[in-house]
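Please look over the structure below with these notes beside it. They go residue by residue.

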Amino acid sequence: MISYKYITKIIGVMMAAAVMFCFWMMAFSQEAVETLGGVREPMAYESALFDTDQVIQIDIQMTEEKWEEMLENAMAEEYYPCDVLVNDRKIYNVGIRPKGNTSLSSIAQNPDSDRYSLKLEFDHYVDGQTCFGLDKLILNNNYADPTNMKEAVIYDMYQYLGADASLYNYAEISVNGEYWGVYLALEAVEESFLLRNYGTEEGALYKPDGMNMGGGNGNGGHGGESPRPGGKGDADGKGWPQRKDENGAQDVAEAGKVQESETGASSDGEMPDFADGGEFDFADVEGMKPPDMRELPGGDPSMGGENGANLNYTDDDIDSYSDIWEGEITDTGKADHSRVVTALKQISEGMELEKYLDVDNILKYMAVHAFSVNMDSLSGNMAHNYYLYEYNGMLNVLPWDYNLSFGGMNQGRESGADGVINDAVDTPFEGTAFFDALLENEEYLARYHEYLRELSQAYVLDGRFETVYTRIRNRISKLVETDPTALYSYEAYEAAAKMLYQAVMLRAESVKGQIDGTIPATDEGQRADPSLLVDASEIDISIMGAMDVG
């Protein structure tokens, strides 16, 4: 038996060690975070807002005059003050503004809808103000997604793999107590996100955008004024809040097609007059398809990424990567930029990847991103819709914007649904060479395949996806049916949601076959023997929604 005096000494040593550890943690907090592999801070909003068993209740409270002014000037993306009731918590003097790229401009040109995506910035007018610890909340309008659930499914996949990604939930939005619509709520990738995921706000965060789609806010958003004289919210009753007709539905084409008023296509299928700002979904015009951006003259993988947004290393000149720096979220300087360029150079040469890449998280990102077939990103030749995080010279890629996944930008591919369902997992990124070193390394390729196997087998085929899918349908179906600003009819939603279920199941079958070796896993291999591909003849991609081309 240990004597009392020895026990006292042991306790004393342990206490001294604990005190020394605390001093070490305080003095070398950043080194501690790195040494311990990152310290994730628990945040109250994780359960208060993003418990997917319960839809968030959000009531936006502002004068009708200011609400209408904001909608009429949506393209300016200017903040307006409002009060917000989130579940049972009232938050005063919150900043609100419309947001988006194509979704913003398309709604701005649509005379029959004010359903903008929105951003709530709780600390815009009051420094340090949050909602259960969250600084900013994104409310997506489900543009080009009649399923209302593509993004939710993808973000759930990221959570399943434990990747660094935004939390998600659905939100029932009201304006001054009157139901406005059901939106997808996302944790913004900003200060609270960094604190939750990394336990520090000392890293540098960027949102590169090489598409030059306008705006000047550094976040890839549009600037400029609304092209519609007088805006919306006139005497037609479409603006405050927009209501459905006496039958509870807006005018829409048949299930699976977008509204004629949204697309600009006439009822006889003729082309709209683009001079009047019309736009249309090619899927609504028989025999018409939008061009495949990858097959256009000059449509090489670097399209839109010449200034660094495609993450390809070009040279050591910091100015060659201006699209990254202009998208800064945190304050950065030349020293930060130099670390990014150094990392890009080393990655391009396949050197010390563990030092310059958060390898495991990026492999998870690659797996979910490849599964989702989202061409509105680095998977295609769109050098945008992701975040770049740098800490101590190590780069990380964070996901964003998945409403066009599962073929939403794939209408022009000659292979159609077959090309979406069987999209090659070993050649998933056409717009960048950034991931090549990982794909060419046997160890990392095997780990990437293992994450794809988890998604295809454990997540989809073994039942997690069906559970998530059923939960989402149970949460939002009634809200979609009564949604006064819905971009699609309830019938279109039902058809699209059912089609999405089939598409995800077949995608999982193909991905599993590619990993097992029964289906070619490269574009070249699939072209050589298409007979081995999963049959996707029952899948109609257009029913799930597509980006309008105008």
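1. Helices (H or I, at least four residues) and strands (E, at least two) are DSSP runs, numbered from the N terminus. This is a predicted model, where local features need pLDDT of at least 70, side-chain atom pairs count only at pLDDT 80 or more, and totals for chains, interfaces and linings use all residues. Residues are numbered from 1 along each chain as its sequence is written, and side-chain values use heavy atoms, with hydrogens and water left out.

2. Start with glutamate 77. It sits in the loop between helix H4 (64–72) and strand E2 (80–86). Glutamate 77 counts as buried because its relative accessibility is 9%; buried means under 20% relative accessible area, exposed over 50%, and partly exposed in between (1.4 Å probe, protein chains only). Its backbone deserves a look. Glutamate 77 is not a glycine, yet its phi is positive, at about 50 degrees. Most residues other than glycine have a negative phi.

3. Glutamate 352 also has a positive phi, near 45 degrees, and is a residue other than glycine. Its place is the loop between helix H10 (334–348) and helix H11 (353–356). With a relative accessible area of 48%, glutamate 352 is partly exposed.

4. Next, asparagine 396. This residue belongs to strand E10, which covers residues 394–399. Is asparagine 396 buried or exposed? It counts as buried, because its relative accessibility is 2%.

5. Which side chains make polar contacts with that of asparagine 396? Aspartate 358 does, at 3.1 Å. Asparagine 361 does too, at 2.8 Å. A polar contact is a pair of N or O atoms within 3.5 Å; within protein, one must be able to donate a hydrogen and the other to accept it, and residues adjacent in sequence count only if both atoms are side-chain atoms.

6. Contact means heavy atoms within 4.5 Å. Leaving aside neighbours within four places in sequence, asparagine 396 is in contact with several residues, including Asp164, Tyr198, Ile362 and Tyr387.

7. Last, threonine 130. It lies in the loop between strand E4 (117–121) and strand E5 (136–140). Threonine 130 is partly exposed, with 32% relative accessible area. A polar atom of its side chain lies 3.0 Å from the backbone nitrogen of glycine 133.

8. Where does the chain bring threonine 130 and valine 94 in space? Their C-alpha atoms are 9.4 Å apart, while the two residues are 36 residues apart in sequence. Beyond neighbours within four places in sequence, threonine 130 is in contact with Ile91 and Phe122.
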